[in-house]
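Work through the exercises below with the model open. Each task is followed by a stepwise solution.

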Amino acid sequence: MAGSWDGSSDLGAQSRVEPIYDAFLCPLTKQVMRDPVSLEDGQTYEREAIEKWLRECRESGRRPVCPLTLRELRSTELSPSIALRHTIKEWNARNEASKLDMARRSLSLSSSESDILQALRFVQRLCLHSPSNKRVVHDADLIPMVVDVLKSSSRQVRCTALETLRIVVEEDSDNKEIMAEGDTVRTIVKFLSHEQSKEREEAVSLLHELSNSERLCEKIGSVNGAVLILVGMANSNSESLLTVEMTDRTLENLARCENNVRQMAECGRLQPLLTLLLEGTPETKLAMAAILGELVLDNEVKVFVARTAAFSLISLMMHNDMPAREAALKSINQISSDETSAKILIEAGILPPLVKDLFTVGANQLPMRLKEVSATILANVVNSGHDFDSVPIGPNYLTLVSEEIIHNLLHLISNTGPAIESKLLQVLVGLTSSAATVSSVVSAIKSSGATISLVQFIEAPQTDLRAASIRLLQNLSPHMGPELAGCLRGPAGQLGSLIREILENSVITEEQAAAVGFLADLPERDSGLTRQMLDEGVFRLFILRIVRIRQGETRRNRFMTPYLEGLVKVVARITFALSEESGAAARALCHETNLASLFINLLQSNGLDNLQMVSAMALENLSQESKNLTQLLEFPAPGLCASFFPCLSKQPVITGLCPIHRGICSLKETFCLLEGQAVDKLVALLDHTNDKVVEASLAALATLLDDGVDIEQGVQVLLDAEGVKPILDLLLGKRTETLRSRAVWTVERLLRCEEIAYEVAGDPNISTALVDAFQHGEYRTRQIAERALKHVDKIPNFSSIFPNIG
């Protein structure tokens, strides 16, 4: 460099900065004077400094003296040293010009770190000394030079350069304009990602100052990642409070540009967008709604938007201007998919205008693409689980489940495109998923005659449409099973399509689980449907799929359990047909597939209550057929010789006979529970916490005590399996009325065994439970309880006392 900054010689080079003359220095401050004044004794001082000295003299009660000579002053009048002031000013100007030239030479990456730092600090002092000097810096083209040293390898240089740029552009629009040129802003933004917190702080402070310019707001926002980084810093817990505060203020400035507002919203900072949506001009509101409709929001943000802007969006949705309605609908669609935000929309009044948009025809109707959006919103809202039979949507207390509204929805479903049909079917799915509204929907569907149309959607080629229809039919099947089964039956029915859907993929889908669930919920005693399924080989296919699943050949996912439960329940319906017209074919299939063994194995599906319950029910049906299928041995009548020789009349002793059914039994051929070793497994389920599983297990065990079997041997089998005490405990438990009725029936059969009756007679708890059933049970239960009480002599048996009566 050509010279030093203080005027001293630098390595023998000629100094270009004039030294500071002693006459320029104030004796009090030791600084170059700006406004020199003289006392009466001719001594010169900085005005501000000498005025302070004299004031302190007066305040302390001392006579004023010259600070330098300590001579008493007769007068404290100050005389401006105009000539000296001009001289200093000229000296300053010459030195500043020299230093400015030195700064230009030093602000280069080839200069030393110390020279660059001195140059930067000079520029800072120059601008801080007088705002007008910023024009000097501007005219000297120093700003691009300062920007250039941002590339220095020295962290201190980079930080000082950022600080210098902030001072230079502060409240100076011209200097800000220079910063908008080239890649300067991009370079500054890069510092936001630096590891050193000081550099990040200086970069944010500089960007905040630049963001006071609207042009630079756009420029900052146009730098890829700038808004994302700033939003991240504003939400950071690792940044200093000062940096976070400055970042927030920067983002507030950047929000003056709509494109920046969009970027902030995409990064999760939605408040600027929502503020404009609530308070902006109609054009701005439309623009913000359009942006909101294109965002991908997480559920927490959806709730925030709904709470902040639900009323504004609904108001915009009711606007006559079609672009405004479109923007509002798309925004509402975004936030309605969350359950909480959907409920907020309902409370804000979304339903009346939404339903009106769907049903309106004519000049002001929505185009089909927007009706699809409306249908999607309605499907989202309905699936929030709200109580829709109490939310009015029109005059005369119309609600979403009123017959008129359901009829209109069904009409739309039959007369629009697949996309809208799919969403409207999802609306019905939501309404039929609630116990409070399903009966109203079922009644309206029946009165509309739309059942066949709904079933026909099973054959729709569109996956979404087909899936929605199947889920709806699954919800409807417990309430209108006979009607739905009737639609599936026959050559024109959709049973084949439904079966193909259930068996189509090796990976189980939600749609398949819903399809088999729908089929499983149809009335199990519908003989026509069962017969058609037998004829088409459905049961055989389902049994094969169950076996493959249990062998691990099917990949498990979250739909596996409902799918398997549905398959088992469908297969179980064949056991209800054993005594009907198709009984021979049903029995043949059960024999061929050893179905009883499959159900016994399924009893041990721990944690799958429905599988255990359905399997026990199926075993009950199969076991009831055992007494009809058991092969009873026939012996020839005794001959003439037997009358003369009695020993010849004795029946031969046959081993291996079933003690309960008194014949030759097997699990595969006669479905005998004893031969299939199912008794212990059923007894174990009597301790289950699920009442339905217990009821089904007890019903299956009760077949061992049924009419037509050896009850005494059935009792012995239960004793051997330690099943008597659990049955007695069920009588005492009072869990459900159905379970009590089954327990009373079973206990009455057990008490026909004198040993058990004798033991129970001494247990007051059992007697009390039987008396309670006798007094408060249903008619059939009271009759059976009365017989049980007679077995333990708690009620007189008048028929035994008066055998001739009757």
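**Exercise 1.** Which element gives the most to the lining of the largest pocket?

Solution. Note that the model is predicted. Start with the pocket itself: its volume is about 780 Å³. Next, go to the centre. Of the 23 lining residues, the closest to it are Val-32, Trp-91, Asn-92, Glu-96 and His-129. Now list the elements that give two or more residues: helix H2 (82–106) and helix H3 (113–129). H2 gives the most, with eight residues.

**Exercise 2.** Find the strands that stand at the edges of the open sheet, and state why one side of each is left without a neighbour.

Solution. Write down the order: three strands run S2-S1-S3, with antiparallel pairing. Strand S2 (44–46) and strand S3 (79–80) stand at the edges; each has a single partner strand, so one side of each has no neighbour in the sheet. Then check one pairing. S1 (residues 36–38) and S3 are joined over two bridges. Ser-38 has Ser-79 in S3 as its bridge partner.

**Exercise 3.** Describe the largest nonpolar core and the contacts of Ile-502.

Solution. The core has 248 residues. Among the members that touch the most others are Leu-351, Leu-488, Ile-502 and Phe-599. Helix H25 (residues 463–488) gives the most to this core, with eleven residues. Now take Ile-502. Beyond four places in sequence, its contacts include Leu-519, Phe-542, Arg-545 and Tyr-563. Finally, another core of 15 residues lies apart, with Phe-24, Ala-49, Leu-54 and Leu-73 among them.

Methods
Residues are numbered from 1 along each chain as its sequence is written. This is a predicted model: local features need pLDDT of at least 70, side-chain atom pairs count only at pLDDT 80 or more; totals for chains, interfaces and linings use all residues. Side-chain values use heavy atoms; hydrogens and water are left out. A nonpolar core is a set of buried Ala, Val, Leu, Ile, Met, Phe, Trp, Tyr and Cys residues joined through side-chain atoms within 4.5 Å. Buried means under 20% relative accessible area, exposed over 50%, partly exposed in between (1.4 Å probe, protein chains only). Helices (H or I, at least four residues) and strands (E, at least two) are DSSP runs, numbered from the N terminus. Contact means heavy atoms within 4.5 Å. Two strands pair if DSSP finds at least two bridges between them. On a 1 Å grid over the protein atoms alone, a cavity is a set of points where a 1.4 Å probe fits but cannot get out, and a pocket is an open set with protein on both sides within 12 Å along at least five of seven lines; lining residues have an atom within 4 Å of a point. Grid points are joined across faces, edges and corners, and a volume is the space filled by probe spheres set on the points.
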